[in-house]
Structure formats: structure tokens, C-alpha cells
Amino acid sequence: MEKLKRRSALTGLGALSFGMLTPSLSKGDVLAKPYSVKQQTITTDILVVGGGTAGVVAAIQAGRAGRKVILVENGSQLGGTTTTGGVAFPGIFLPGVNR
């Protein structure tokens with residue numbers, strides 16, 4: 001009897017980990033609305049493209065010099081190749097793009 005209880009508990013945990021016990025997700029409900037792009041015109045003195053080490057330092061120094069600066073980064077965080085342990089292999093960040 002004890003073995004049967006443990007087996008059914010493990011089966012239930014397995015189903016829970018795969019999301020089988022969450023009926024709202026199994027129906028394909030939307031958890032959050034998709035991100036919408038908003039177009040706007042922005043005036044700036046300096047536009048820095050790329051949030052790697054050089055781009056961040058350039059934006060900081062231009063701001064310290066009194067300029068209005070906008071920094072645009074393609075990725076989800078600043079730092080460039082320094083965030084991946086210094087790996088600078090062509091094509092690793094933007095697959096299919098030869099540099």
C-alpha cells in the first residue's frame with residue numbers, strides 16, 4: 001500500500017512539472033498581451049548605437065559633457081562581449097551575420 005501511494009504521488013508531481021494539471025494553459029490561453037511597438041520622434045545631440053563597453057563609456061562621457069544622449073542596444077543587457085566571458089566569435093551574437 002505504501003508503494004502505491006508513493007508511486008501515485010510521483011506520477012502527480014511529474015504531471016504537475018509538465019503542466020498537465022494547469023487547465024488554463026492547456027487551452028492555449030494568452031498569459032500576457034504581445035509587446036507593441038510605439039513610434040515616436042526623439043531629438044538628441046548624440047546617438048550611440050551599441051551598449052558594449054565602448055558605447056556605454058561614450059554615452060556616459062557625452063552626458064557628463066552636457067550633451068543629450070540616447071544609447072540604443074540590440075540585446076537585452078549592456079556589456080557586449082564582456083557579458084559572455086570575453087568570447088568574441090563572429091556570428092555568435094547575431095547568427096548568420098558575417099562581420
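Biologist: Which residues form a nonpolar patch on the surface of the protein chain, and about how much accessible area do they have together?
Modeller: In this predicted model, the patch on the surface is nonpolar and is formed by L47, V49 and V72. Taken together, these residues have an accessible area of about 290 Å².

Biologist: Is V72 buried, partly exposed or exposed?
Modeller: V72 has its place in strand 2, which covers residues 69–72. Its relative accessibility is 40%, and a residue is called buried under 20% and exposed over 50%. Because 40% falls in between these cut-offs, V72 counts as partly exposed.

Biologist: How many bridges join strand 1 to strand 2, and do the two run parallel or antiparallel?
Modeller: Strand 1 is made of residues 46–49, and four bridges join it to strand 2. Along this pairing, I46 stands opposite V69, while V48 stands opposite L71. The number of bridges is four, and the direction of the two strands is parallel.

Biologist: With which residues is V69 in contact, leaving aside its neighbours within four places in sequence?
Modeller: V69 lies in strand 2 and stands opposite I46, so a contact is counted for such a pair if heavy atoms come within 4.5 Å. With the neighbours within four places in sequence left aside, the contacts of V69 are T44, I46, V48, A59, A62 and G63.

Biologist: Of the contacts between residues at least 6 apart in sequence, what percentage join residues at least 24 apart?
Modeller: This value describes the protein chain as a whole and concerns contacts between residues at least 6 apart in sequence. Among these contacts, the share that joins residues at least 24 apart is 27%.

Biologist: What percentage of the residues in the protein chain is buried?
Modeller: The protein chain exposes about 8,700 Å², of which carbon and sulfur atoms supply 60%. The chain has 99 residues, and the buried ones make up 8%.

How values were computed. Residues numbered from 1 in each chain as written. Predicted model: local features only at pLDDT ≥ 70, side-chain atom pairs only at ≥ 80, totals over all residues. Heavy atoms only, no water. Buried < 20%, exposed > 50% of the residue type's maximum accessible area, 1.4 Å probe, protein only. Areas by Shrake-Rupley, 256 points an atom, 1.4 Å probe, with all protein chains shown as cover. Patch = residues over 30% accessible without salt bridge, like charges linked within 9 Å, V, L, I, M, F, W, Y side chains within 5 Å. Salt bridge = Lys/Arg side-chain N within 4 Å of Asp/Glu carboxyl O. Pairing = 2+ DSSP bridges.
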